[in-house]
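Hi,

Here is the structure I promised to pass on.

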Amino acid sequence: MRTSTRRSRRLAAIAAVAAMTAGLLAGCSKDSNDGSSNSDGGGKGGKTTLTVGTFGVFGYKQAGLYDEYTKLHPTISIKENVTTRTDVYWPKTLTRLQAGAGTDDIQAIEVGNITEAVQTQADKFVDLGKEVDKSQWLDWKTSQATTKDGKTIALGTDIGPMAICYRKDLFAKAGLETDRTKLAAQWKGDWSKYVAVGKDYMKKAPSGTKFVDSASSVYNAALGGESQRYYDKDGNVIWDKSTGVKKSWNTAMEVATSNMSAKLKQFDPTWDQGFAKGSFATVACPAWMIGYIEQKSGDSGKGKWDVAAAPTAANWGGSFIGVPTAGKHQKEAIALAKWLTAPEQQAKVFAKQASFPSTPGAYSSLKPAADTTAYFSDAPITQIFADSAKTIPVQHFGTKDQPIGTAITDVGILQVEQKGKTPDQGWNAAKAEIKDVLGQ
Amino acid sequence: MTSSKQALAHPATSADAAPGSQPGAARGAQGRGTPPPSPDSWRSRLYRWDMKASPYAFIAPFFIIFGAFGLGPLLYTAWYSLHNVQLSGLDHQTWAGLDNYKNLLSSEFFWNALGNTFTIGVISTVPQLLMALAIAHLLNYRLRGSTVWRVVMLTPYATSVAAATLVFTLLYSWDGGMVNWLLHFVGVHAINWRESDWGGQFAVSSIVIWRWTGYNALIYLAAMQAIPADLYESAALDGAGRWQQFRHVTIPMLRPTILFTVVVSTIGATQLFGEPLLFGGVSGSKGGSAHQYQTLGLYMYDQGWGIGNLGKASAIAWTMFLILLIVAAINLLITRRLRKSQ
């Protein structure tokens, strides 16, 4: 008797192990079929759950768009999967796209990655060009997401027209002009004029403050207004011959070598602290940064911030959303993507988050939230950003745009700004880094 | 459960029941040349099969999972390392032979990362183990509330890398960090920890030291408490002071434990990744603007996920694997030497 119980126990154990193993393998295969996030939708008249993969704050949830959409379409429910950092989000998305599994029904794409997506992942996305009236968007925005043979893989969400956000109170203490139109006139047309204002600021700077958060941010802002970036329009790397890069680099070097920078790294915790402490007087702010400044500066900054037009019309950032062909609910996802990027919805996101629409049709109805207006000293931010948006030059991006940019700002400029290297040494360091990036 | 009940329901048959409870005895009975009657032979065959196969079934889950998530990727990585593969074009691979490895050996960033891994490893492991030894020695005295002290020792180890590094990043921040604030009282100018060459390495090491010292101290403490008290007594009778007891009794008795912690810490140091990545902030995978604390792990991550050059990243992974093998071999040699000399 004891033998047989013992044996049957062992058999039961084997069965259990086998079941576990089978379950595990089944779990894997199930996972790779419908991804981690697609719960079984459709079917028995239940709700269809659509997932939206984004990085950072897109403002859809904040502006109540998901709630609104599910009210309009009771059979749909929406889940947003947020990855905070772009440098984590994009590699993850790329691998999932190519595996054809695990993608969300809608995936966001940052402007720095859009060329890579268009050139290498076009077959992994639904052609949305056929689904929408493309003339709703700014031409250059749609053309960035369109392949050579005319397939539009993603719809434009926001763009990043540039302005200068400045602390009126600190400017007053330093004895500078505080009126936004007069200030804008002082640096109009050239970023080096903005640096000149910075030199004035530093002469009587309130103690513990600097003129600007970092040299890199000035570089990015200046480059955002140049038509020539790292690639030419045929996709060749021209970063070391590009006039845009050279001009922006020189401006950044002036900042880095003249003690007017708080030497912070953007989006680091210390940068956030800088906003809270008020340790810098200006920051080049694309529209999407408005909400960020308001959040990080907190109540202490209320009414002290103001917004002036940037030296040149420039764009920094902005995103797209696309529908991967691997998604289970393409029809529903296309409908949602269309709705989310329509002018009316873009205007609602602007009202909440100040992310600037890429659809000019929305511009007439733009209204920032009342508290945002109050926060930025009643500056006409709609006007300022719209003016900038209309004159942004067409820019060509390349497949390695982002790593090249990182090499210049986080190696080249940072070495000059924080390690006291000369501009030439910084440039050579960036050059070595970019060689490594391009695998030369 | 049901199967067990069914098995119980069947009357035990002769072959099983006769020899008694020991499976070994059952086998013995068969060995004596009494073949079981034919209707039951499938049962005994099943039984024998069970005896042989079930151990394999028990250990199978590990090996299946290891094969799927360990060996498979390892071999696939080797395959990748011989190709040009971009993250954005996994299905467009071109044969590159040993180009990725050649590229690596001629890359200043690779040698820099290798050097950093070594220096950070040394300046984090050596003080860490010495401090752990000292702390364990102190905790080994009769103390009031000794459990409390021991638990407190382990708390840094229990905090996550991310949380610890975030706090340290703020402590070391260039402008308004606590470390610079304290240094200011002794008249030292503010140091830009993150961007200075040795400062960054020191800061990263300090995070490692903070997290692992208590852990190692507890291991040492456990080993110390296993040392027989009469050794100390006789040493004391011979007139040895506390320090002499520590040097001539504790340390020799701890030698195997010390070797163990050295090996474990070395492996940990070779794979250092999370601390420098998070300490570096937004572009942490570069390990500072001059790659001053970019370890091999970070270099691999930067090549693979930052730049998207998976072929080269795979080559780095395999090079790291080979380096670890060499390190393990050196460790083994030293261990043998020390054992022999004992």
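Chain A has 18 helices and 9 strands, where helices (H or I, at least four residues) and strands (E, at least two) are DSSP runs, numbered from the N terminus. This is a predicted model, so local features need pLDDT of at least 70 and side-chain atom pairs count only at pLDDT 80 or more, while totals for chains, interfaces and linings use all residues. Residues are numbered from 1 along each chain as its sequence is written, chains are lettered from A and ligands numbered from 1 in the order in which they are written, and side-chain values use heavy atoms, with hydrogens and water left out.

Some totals for chain A: of its 440 residues, 57% are buried (under 20% relative accessible area; exposed is over 50% and partly exposed in between, with a 1.4 Å probe and protein chains only). Its accessible surface comes to about 17500 Å², and 51% of that belongs to carbon and sulfur atoms (Shrake-Rupley method, 1.4 Å probe; for residues, only the protein chains shown count as cover). Contacts mean heavy atoms within 4.5 Å; among those in chain A between residues at least 6 apart in sequence, 75% join residues at least 24 apart.

Now the aromatic rings. Rings of Phe, Tyr and Trp (its six-membered ring) pair if their centres lie within 6.5 Å; planes under 30 degrees apart count as stacked, over 60 as edge-to-face and the rest as tilted. By this rule the count comes to 46 aromatic pairs over all chains. In one of them, Tyr69(A) and Trp339(A) have ring centres 5.0 Å apart and planes at 55°, so the pair is tilted. Tyr69(A) belongs to helix 2 (residues 65-72) of chain A and Trp339(A) to helix 13 (residues 330-341) of chain A, so this pair ties together parts that are 270 residues apart in sequence. Tyr69(A) is buried at 3% relative accessible area, and Trp339(A) is buried at 16%.

Another pair, Phe275(A) and Tyr292(A), is edge-to-face, with 6.3 Å centre to centre and 65° between the planes. Phe275(A) is buried at 1% relative accessibility, and Tyr292(A) is buried at 18%. Both rings belong to one aromatic cluster, whose members include Trp271(A), Trp288(A) and Trp305(A).

Helix 12 of chain A has 7 of its 9 residues buried, so it is largely enclosed by the rest of the structure. After helix 12 of chain A comes Gly298(A), with a positive phi near 70°.

On to chain B, which has a nonpolar surface patch of about 1200 Å², with Tyr56(B), Phe58(B) and Leu325(B) among its residues. Tyr56(B), in helix 4 of chain B, is exposed at 62% relative accessible area.

Finally, Thr319(B) lies in helix 15 of chain B and counts as buried at 14% relative accessibility.

Best wishes

Definitions and conventions:
Patches are made of residues with over 30% relative accessible area and no salt bridge: like charges are joined within 9 Å, nonpolar side chains (Val, Leu, Ile, Met, Phe, Trp, Tyr) within 5 Å. A salt bridge is a side-chain nitrogen of Lys or Arg within 4 Å of a carboxyl oxygen of Asp or Glu.
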